[in-house]
Amino acid sequence: MTDTTGRYLARENYVSLKVPAVNNPIWGNISPSIRAQEIKMQKILKLLAAGITAFARSVDGTDMTEEQQDVLALFCNVQFEINCFRKSTIHPTLKPKYAGLCKTSSTPPPDLLFGDNLPKQVKDMDEEAKAVGMIKPPSTIR
């Protein structure tokens, strides 16, 4: 299968077909079982990306049928959902205040699953937590 997938590597401009890696700070702190599951999911995504690329090359982009367009859209959505699933499997290993890192986004992930600027995201979440901590909780009226 490696030979076949090697023939259908996604082009650089096919951003949504890239398989994002897990950010190093997170990768180094997840359990071996989640890491093994993550490696399997990345392999599945690489196969799916190769399949999408092969299909896209097999059709004339200027004269695609509605069904062919639907096939591409559905398979790309599968890729998106798998990336969301990857985040959800890592979510329980994160501290609750960083759960926001696992929110789904309508944009395809960049080179890294949790974004290319994880330290900035964490710093922003810490600042947000401080700001929320300054707000007095509503008092209960009896």
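## A walk through an all-helix chain

Let's begin with the rings: the structure holds zero aromatic pairs, a pair being rings of Phe, Tyr and Trp (its six-membered ring) whose centres lie within 6.5 Å, with planes under 30 degrees apart called stacked, over 60 edge-to-face and the rest tilted. Keep in mind that this is a predicted model, where local features need pLDDT of at least 70 and side-chain atom pairs count only at pLDDT 80 or more, while totals for chains, interfaces and linings use all residues. Residues are numbered from 1 along each chain as its sequence is written, and side-chain values use heavy atoms, with hydrogens and water left out.

One ring does have a charge over its face: Arg35 sits over Trp27, at 5.4 Å from the ring centre. To count, NZ of Lys or CZ of Arg must be within 6 Å of the ring centre and within 35 degrees of the ring normal.

Now for the overall layout. The protein chain has five helices and zero strands, so its pattern along the sequence reads α-α-α-α-α, with helices (H or I, at least four residues) and strands (E, at least two) taken as DSSP runs and numbered from the N terminus. Of the 142 residues in the protein chain, 26% are buried, where buried means under 20% relative accessible area, exposed over 50% and partly exposed in between (1.4 Å probe, protein chains only). As for contacts (heavy atoms within 4.5 Å), take those in the protein chain between residues at least 6 apart in sequence: 72% of them join residues at least 24 apart.

Is Ile90 buried or exposed? Ile90 is buried, because its relative accessible area is 0%. Leaving aside neighbours within four places in sequence, Ile90 is in contact with Val22, Ile26, Ile30, Ile34, Glu38, Leu113 and Phe114. Cys102 is twelve residues from Ile90 in sequence, and their C-alpha atoms are 8.1 Å apart.

Lys87 is in helix H4 too. Despite its charge class, Lys87 counts as buried, because its relative accessibility is 12%. Setting aside residues within four places in sequence, Lys87 is in contact with Leu101, Cys102, Lys103, Leu113 and Phe114.

Not counting residues up to four places away in sequence, Gln79 touches Ser16, Leu17, Lys18, Val19, Leu45, Leu48, Ala49 and Ile52. Ser16 is in the loop between H1 and H2, and Ser16 is partly exposed, because its relative accessible area is 39%. Ser16 and Asn77 are 61 residues apart in sequence and 9.9 Å apart in space, C-alpha to C-alpha.

That leaves the empty space. Rolling a probe the size of a water molecule over the atoms shows where such space is left. Here a 1 Å grid over the protein atoms alone is used: a pocket is an open set of points where a 1.4 Å probe fits, with protein on both sides within 12 Å along at least five of seven lines, and lining residues have an atom within 4 Å of a point. The largest pocket holds about 290 Å³, a volume being the space filled by probe spheres set on points joined across faces, edges and corners. Of its 16 lining residues, Leu9, Ala10, Val19, Lys46 and Ala49 are the closest to the centre. Helix H1 (2-7) and helix H3 (32-58) are the elements that give two or more residues to this lining, and H3 gives the most, with five. By class, the lining has nine nonpolar, two polar and five charged residues.

The second largest pocket comes to about 210 Å³. Its lining includes Pro25, Ile26, Asn29, Ile30, Tyr98 and Val122, and helix H2 (24-27) and helix H5 (118-133) each supply at least two of the lining residues. By class, that makes eight nonpolar, two polar and one charged.
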